[in-house]
Amino acid sequence: VLPNVLPVIIITMSTTIGWMILETAGLSFLGLGAQPPQADLGSMLGEGRKILFTSPHVSVVPGLMIFVLVMSINLLGDGVRDILDPRLKSGSLTRPVPRTAVSREGMPKDLERDPSAILDVQGLRTEFRIGPDVYKAVGGVDLKIGKGECLGLVGESGSGKSVSAMSIMGLVPTPPGKIVGGVAMFGDEDLFAASDERIRQLRGAAVSHVFQDPLSTLHPLFTVGDQLIEAIRAHQPLSYRQARSKAEELLKTVRIPNAASRLDSYPHEMSGGMRQRVCIAMALANDADVIIADEPTTALDVTVQAQELSLLDTLRKERDTGILFITHDFGVVSAICDRVAVMYAGKIVETGTTDEILSSPKHPYTAKLIDCVPVLGEPERRLDAIEGRPPVVNRLPDGCAFAPRCPRAQADCKTGEIPMRRFGERRAARCLHPLEEEREVEHV
């Protein structure tokens, strides 16, 4: 705790000392501090006031000394804080930049864009460089989303789902994050090669985000109406009145009652479900082609979660919008997603249609995730758990990253690069010994 609170203590101390000097000088200036023959900067400033027009230097010099002394103490405190702050050492606190730095070491081999995909991500690699360590948060991810399609991205916490999604529009903070490989094709345009101005135009217009915590996403000092209007006018040449009317229609679209009055509400005056609907309305404000929903229902109760899922499903079918839906829960995936990509240790380990994944998973990790989900009406079903913990991405093991936790792991799983193995046109798994083989042996 101490390394994290020490910078705050140092700043508080340096600021307090500066205020003490100013207060002492002010009292002496008024004649309530040091008395003659004693002298300090405040009394010298007060005495010099009497001869300000004939000898201005008598009062200017002590005034400048007070200013220099107070500023020096505050700057010294800032410097000591910068040296001791562990977050500054790691590079996580720095001047924000408009987008993630891109330093691609190479393009994916055999790059072929899928014409049916509105967003085609291939070979995405994102790293965090903190001191001498390199954290390979995303180690070569392929994602394709078609018009009106919902792709579910599933995996444990720390598997790289959010970093992959944020990398698409350059939202990973730099430093320490950096995109070091891959392409993200939005139509015929490579997002990683686009200019900063072009990315600014696309954010919130062509590609929108719905983040996990709406209370931290929405600004607490502005009404939801002001924030919706800002999102609209940033991309559309509308007057304030026209934008407000559209904001009201958006709130009605996401089924918020009394939409006109709710425009003047602050985020803290709304429930979690209503705040999340406001965020969805903001994502829909400019008729986005792709919506990236990063665990938008995690903090909601089951009833509100079902309403949000139904709303997203209805809106994407009505507007033909592609959705990348990030979640931990296969129950949520079954309710809204057409296809599923399962992620582990920064890589996609299995992909296929939702029905295929749920009915016959190929990768042992996928099967373990499904076994963690309770099934209504099957009280005797045993809920399984995955032993061990995910690997640290700056020390990934050789071979399959899931091998240390996999009951089917063999010697060949722990060496070399494990390729994706095809099981059909849109079905693949990164496994040398998939579950399908075991079932075939049992059948024989």
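**Note on side-chain contacts**

1. Tyr-344 and Phe-402 are both buried. The model is predicted, and it holds three aromatic pairs.

2. Another ring has a charge for a partner. The charged end of Lys-362 sits over the ring of Phe-423, 5.4 Å from the ring centre.

3. The whole structure has 18 salt bridges. One of them joins Glu-156 to Arg-405, at 3.0 Å from N to O. Glu-156 is in the loop between E4 and helix H5 and Arg-405 in the loop between H15 and E12, so this bridge ties together parts 249 residues apart in sequence. Glu-156 counts as buried at 18% relative accessibility, and Arg-405 is buried at 9%.

4. Glu-149 and Arg-426 form a salt bridge whose closest N and O atoms are 4.0 Å apart. The two residues are 277 residues apart, each in a loop between two strands. Glu-149 is buried, at 11%, whereas Arg-426 is partly exposed, at 43%.

5. Lys-347 meets Glu-417 in a salt bridge of 2.7 Å, N to O. Lys-347 lies in strand E11 and Glu-417 in the loop between H15 and E12, 70 residues apart. Lys-347 is partly exposed at 22%; Glu-417 is exposed at 56%.

6. Salt bridges also form a network, which links Asp-313, Arg-316, Lys-317 and Asp-338.

Note on methods:
Residues are numbered from 1 along each chain as its sequence is written. This is a predicted model: local features need pLDDT of at least 70, side-chain atom pairs count only at pLDDT 80 or more; totals for chains, interfaces and linings use all residues. Side-chain values use heavy atoms; hydrogens and water are left out. Rings of Phe, Tyr and Trp (its six-membered ring) pair if their centres lie within 6.5 Å; planes under 30 degrees apart count as stacked, over 60 as edge-to-face and the rest as tilted. Buried means under 20% relative accessible area, exposed over 50%, partly exposed in between (1.4 Å probe, protein chains only). A charge sits over a ring if NZ of Lys or CZ of Arg is within 6 Å of the ring centre and within 35 degrees of the ring normal. A salt bridge is a side-chain nitrogen of Lys or Arg within 4 Å of a carboxyl oxygen of Asp or Glu. Helices (H or I, at least four residues) and strands (E, at least two) are DSSP runs, numbered from the N terminus.
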